[in-house]
Structure formats: structure tokens, C-alpha cells
Amino acid sequence: MRHVRNLTLIALAALLAGGHLCERAWGRTQVTCSAPASQQPQPTEYFVSLADNSRHLAHVSIRFTQATRTLTLDMPVWNALYQVRDFAANVANLRAEDASGRPVPVAEIKASEWLITVPSPCVVVEYDVHLDAGGPFGAQLSSEHGFFNWAMVLLYSPTTRSQTMSVRLLDVPPSWALQDVHVMGEAPAGKVEEAVGVAANYDALADSPAEVGVFQHSDFQQDGATYHIVVHASPGDYDMAKLEDIVRRITRAEVDWMADRPFDAYTFLYHFPDGHGAGGMEHAYGTAIDLNADRLKSSMLSVAGVTAHEFFHLWNVKRIRPQSLEPIDYQHSMDTRALWFSEGVTNTVGDMMLVRAGLTGERQYLDRLASDINELQSRPAHRWQSVEESSLDAWLEGNAYYRTPGRSISYYNKGEVVGVLLDLRIRQLTNGQKSLRDLFRWMNDKYAKKGLFFPDSDGVQQAAEIITGQSFAEFFRAYVAGVRELPYNDLFSFVGLQVAETTVRYASPGFRTLANPDGPLEVTAVDADGEADRAGVSVGDRVLELNGKPATANFDYDLSRMREGATVKLRVAGRSGKRNLKLKLVARQEQAFVLQDTPAVSAEQHAHRGAWIRGDDEGGGAQ
Ligand SMILES: [Zn+2]
């Protein structure tokens, strides 16, 4: 069996026919040292029984066949989100036995860490882990499906973390679609009765989430690569042909833009739940994306933005990777100033790629950019929190007060806007001959293709300077490390645009919300003495429903387009529990920015604008 850097399993079959795991206890397969090993035993073998799926309990057995006298076992405290979530809280009933089946002492030495004294080279460690966090940032086992981000499921030993390891699922409910094992990144590594997969190390395993259950599946070939689309949703909620068309356009646009395809196969795994759709999570050979089913029904295009963003991550953050995120420390939060680039500039490129793919138009692009500028400028914290500081503070985002406009800006938001301005500055200095594309291709060649990590903001600055032959020290000092107001009009003038302020009037429930990437829609600000304030709505409350339907990330926008004076029915969860509210929408006036033509736009500026929005270089540099 080939070792693969990454694996994902889309379905798996006939594990029980493997023959070497036949003893059963408590209705599930028992793993022991004496049972025959798999064909090519790895230093660490994980077995995950799904027998107790209806109680959200996975039963994990880990067989170490080359154990030393003592074995330290750790559970990650974070993964998938830049938030410490202490996954050890879900681990219960941890125990171990040796080759002769005798219990081995297990001592907890600190939160998330255990020490096992091993009398023989083989030891089997077992525990139950409660998995009931849906969405791409979670791990979930239910009677409907299993979705596993492995760092939330599997303990690791620091001494074997960098060695190969196998994972095998046991006791898979027979009703779940069982056809094939798909191994991400390379050809399938074997028949389904073989192990689910072998990963080169724990990091690769953690980057290879798995979905097991009943789902729809569509594959296509493009430019020599195989793309898999896997959907776990009600078939009536979406159109697979339309979804595939959107995905094809995005993959073609981005692979072409980067002039690089560092994979043979890539998987898009979609969940379209009735409730809150959490967003997307990037992996080296695939992405897991959750979107609310109602939103999708109103427009299949709602899937395009998150798909374009996550797919671009396969370069930016997965391969063009900041040094500050390596090596991964699963036991502590990691300080990084680079998320403005790794997340924010991924937004910049994702939006351009939607235009390039023919999925949105120029006007939509500019309107969206104007609303991003509004979001940034309307947050008072933009005057004192830099986009690098916002990145360092990513770990605080679980706190509702932290997310209020007076406390923080978003590195997604300001990073995206700074990415646009960086692109325009490069174009301005080279009269359109060079662009953000050259910056990404240079970083891809210089770092990603050589397996090197880039030195955070300094590495981006250096790339911009090498491409243009000019200094970007002031740009990075003022707008990346600093909080100087962004020079919109100096840079937009290159493409014949200016930022203008206008007064807008819209309907509001008397509070503002923000959708945390991993969570529900939360209230971030409440108008003093408004109806919502008097009804007790407060910062940190979660909005669950709007007029009987799940509230989405578009909540504020949807309400702003309703009639002033209209009454909306809300379901809100706060400190005192869940309750229903009726609120009358009030008129609100605000200064807002729009992007509009400068008084006289030259043909040259028009040409610059067209190239900029599509992400092209001018003057034959594109290919
Ligand atoms: Zn992202």
C-alpha cells in the first residue's frame, strides 16, 4: 500500500469482512495486540468504531506495536479554527491493556495529556469520544453520518507524531452507502476491505477529514486532474448539475491563474443543512463546506463565493504557508501576524476569480468591494487595531465583546481590502504590467514548490518589492503593521474609480449581528434605548430564527431591504434561555461609501480596470 500524504474517505465498505477484527464486545469490534496486524502495520494504528453512532460516541482503539517503556498521549486543544476548544473534554473512559490483555496503568499528567507505562512493546489504548459538533470545523457522529476532523477524535503520541499511521473505521452501519474508499491526492490505495488509509504523519491525517454516510457523488476531469464533488444533503435542496458547473468554472479559473496544479485529485465535500451553515474549511487536497439549504435554494450562486475562497486556499495557507503556523503546536494557541494575507487576501483573489469564471459581473464585484470598505470604516477599532494585530488576536474571536465594532476589526475584511490596494499599488508602479498574480506565482515558486514557509508579512513585502523593483516599506508599515487610513483614492484612481460618501437609509431591528465562522449569528451591538434594547437584547445573544426560518449570515442585509415599520418575528438565545421576540424595524441613516467613476475615465483607465477585476496582467504578460 502506498503511503499517501492525505486521505479522505468518501464511503467505505466491507471492513467487517477484513477478518482480522472478529471479537465483539458491547456490540462493537474489539481490538487487541494479539489480533493479526493489517498487511503493513504502521507504528500507530487507529481503529474507530461507529457502533454507538446514535449516542454520538465513537470508540477509539489505538494499537502501538513499537511502544517504548513510557508512552505520552496528547489530545489537541485546537484545530480547524484559531480557537482553543480543548477537545479532551470529549474524551471519556481512557484505558490501556498490554499484549496479554492485562490492564496497564494510565495517569493523567495534565489537561489533555496522559502517561502510560508500557510493560511490552504492544499496547492498545481505548477511549470513547463524544462527537456532536457539526460543520466543517467540527467532528460529528450520528445515526445519519460521520464527519471527522481527526485532530478532534484521535490522541497522538509526540514521539510517533511524525511517523506513518493508519486509520480504519469499524462497525459502519450497513445502511450507509458503501462503495469505495477515495484517497485524496493520489490514486485509491487499495480495495475497500483494506484500511481506510495511511497518512504520512499526524499533521497529514489531521488535514484529511473523512465523511461516511449516504451522499451524492459526482466526478469530473479537467486539465488532467480528477475532481470529486460529494454532497450530504436533501437532493431536493440543490441541483448537482448546476453545482458541478460552478465548481468547474472556479477550478479552471484558479488553476489557470496560478499556472499550477499541485494535486492529481481534489475533493469538494458539501453539507447543506437546514440550520446554520457554518462556512468552509480548507485542506491540502480538498475542502469541507457547509451552507444553509434555504440560502442555496434562493440562489445556487451562494455556494460560489465560499468555494472560490476555499479552493484558493490550496495554495494560499496550505502550500504558500506562513512560518508562524509551522510546526503546528496542537497544545497551545499559535501567534501569527499572517492571517490578513492567508485569509484576507484569499478573499481578494476569490472575488476576482468569480468574475474571471463568469459567475459575477464587474458591477457586482465593485458593490461587494464597497460593502467591504464600509464594514471596515464603520468599525471604530480600525483606528487602533492593525490588521496584523487582528491576526494575532484571532484566538479571541470566541468572545462576543471582542467581536464588537469598538473592540476589533476582522483580518478577513481588512486583509481583503489591503489585498485589493496591494494589487492596485503593484499595477500602478508597473503600469499594469505586474499584479497580485505575479506576487502569488513568485511566492509559490520561492516557497511552496520548495517546501519552505514564508516569513509572514515580511515575505509578502519582499515579494511585492522583487516584482516591482520598488520599496513597499511604507505601505506595509502604514497599512499592514499600522493603522493609517487606507489611501483609497490614490490607488483607485489608477482604474478610474473613487470612493465617495453618501447617506443611505435602511431598515434595522435596532441591533447589529455578525456570523462567527464556526458559530451562530451573534449580536455585536445594540442601539441604546431602541425597542430591541428595551426588550433585553444584548451583546452576545444568538439569533436563531427570522420569521420562522433559520437566521443566516445575511441577517442584517436581509432586514435592511425590508420595509421600515414592518414587524419581524425572531427567536433569540441569551443568558436567560431561548425566547421569541417581535420587533418593529426602524429607519436608520448612515454615511456609507460607494465606488464610482472619477469625473473623466480614460480608455486606459478602463483597460486597467477590466484587467484588475479579472486578475489579468496587461501587455502580454498574461498566460
Ligand atoms: Zn479561509
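Q: Which residues of helix 9 are buried?
A: In this predicted model, the buried residues of helix 9 are Leu-436, Arg-437, Asp-438, Leu-439, Phe-440, Arg-441, Trp-442, Met-443 and Asn-444. The helix runs over residues 436-446 and is mostly covered, with nine of its eleven residues buried.

Q: And what covers them?
A: The cover over the buried residues of helix 9 includes helix 2 (240-258), helix 4 (302-312), helix 5, helix 8 and helix 10.

Q: What about helix 11, which of its residues are buried?
A: Helix 11, residues 473-480, has Phe-475, Phe-476, Ala-478, Tyr-479 and Val-480 buried, and what covers them includes helix 5, helix 7 (387-392), helix 8, helix 10 (456-468) and helix 12.

Q: Switching to the metal, which residues are the protein donors of the zinc ion?
A: The protein donors are His-309 through NE2, His-313 through NE2 and Glu-343 through OE, and they lie 1.9 to 2.1 Å from the zinc ion. Along the sequence these donor residues follow the spacing H-x3-H-x29-E.

Q: Is His-309 buried or exposed?
A: His-309 has a relative accessible area of 8%, so it is buried, the cut-off being under 20%.

Q: And His-313, buried or exposed?
A: His-313 also counts as buried, because its relative accessibility is 0%.

Q: Now helix 15 near the end of the chain numbering: how many residues does helix 15 have, and what distance does it reach?
A: Helix 15 covers residues 603-614, which is twelve residues, and it reaches 17 Å from its first C-alpha to its last, close to the 16 Å expected at 1.5 Å a residue. Just after helix 15, Gly-615 takes a positive phi of about 75°.

Q: Which residues of helix 15 are buried, then?
A: They are Gln-605, His-608, Arg-609, Ala-611, Trp-612 and Ile-613, and what covers them includes helix 5 (339-356), helix 6 (362-377), helix 8 (411-429), helix 12 (488-492), strand 21 (497-508) and strand 28 (586-597).

Q: What does Trp-612 touch?
A: Not counting residues up to four places away in sequence, Trp-612 touches Met-352, Tyr-365, Leu-366, Leu-369, Val-420, Asp-423, Leu-424, Arg-427, Phe-492, Val-495 and Leu-497. The largest nonpolar core has 156 residues, and Trp-612 is among those that touch the most other members, together with Leu-154, Leu-243, Phe-272, Leu-439, Phe-440 and Phe-492. There is also a second, separate core of 18 residues, which includes Leu-521, Val-523, Val-543 and Leu-570.

Q: And His-608, what is in contact with that one?
A: His-608, which sits in helix 15, is in contact with Asn-431, Phe-494, Val-495 and Glu-618 once its neighbours within four places in sequence are left aside. Its relative accessible area is 4%, so His-608 is buried.

Q: Over to the strands: why is strand 10 described as largely enclosed?
A: Strand 10, residues 123-130, is largely enclosed by the rest of the structure because seven of its eight residues are buried.

Q: Which strands pair with strand 10?
A: Strand 4 (residues 57-64) pairs with strand 10 in the antiparallel sense over eight bridges, and Val-60 has Tyr-127 in strand 10 as its bridge partner. Strand 6 (residues 91-98) also pairs with strand 10 in the antiparallel sense, over six bridges, and there Arg-95 stands opposite Glu-126 of strand 10.

Definitions and conventions:
Residues are numbered from 1 along each chain as its sequence is written. This is a predicted model: local features need pLDDT of at least 70, side-chain atom pairs count only at pLDDT 80 or more; totals for chains, interfaces and linings use all residues. Side-chain values use heavy atoms; hydrogens and water are left out. Donors are N, O and S atoms within 2.8 Å of the metal (3.2 Å for Na, K and Ca); water is not among the atoms, so sites may look incomplete. Buried means under 20% relative accessible area, exposed over 50%, partly exposed in between (1.4 Å probe, protein chains only). Helices (H or I, at least four residues) and strands (E, at least two) are DSSP runs, numbered from the N terminus. The expected span of a helix is 1.5 Å times one less than its number of residues. Contact means heavy atoms within 4.5 Å. A nonpolar core is a set of buried Ala, Val, Leu, Ile, Met, Phe, Trp, Tyr and Cys residues joined through side-chain atoms within 4.5 Å. Two strands pair if DSSP finds at least two bridges between them.
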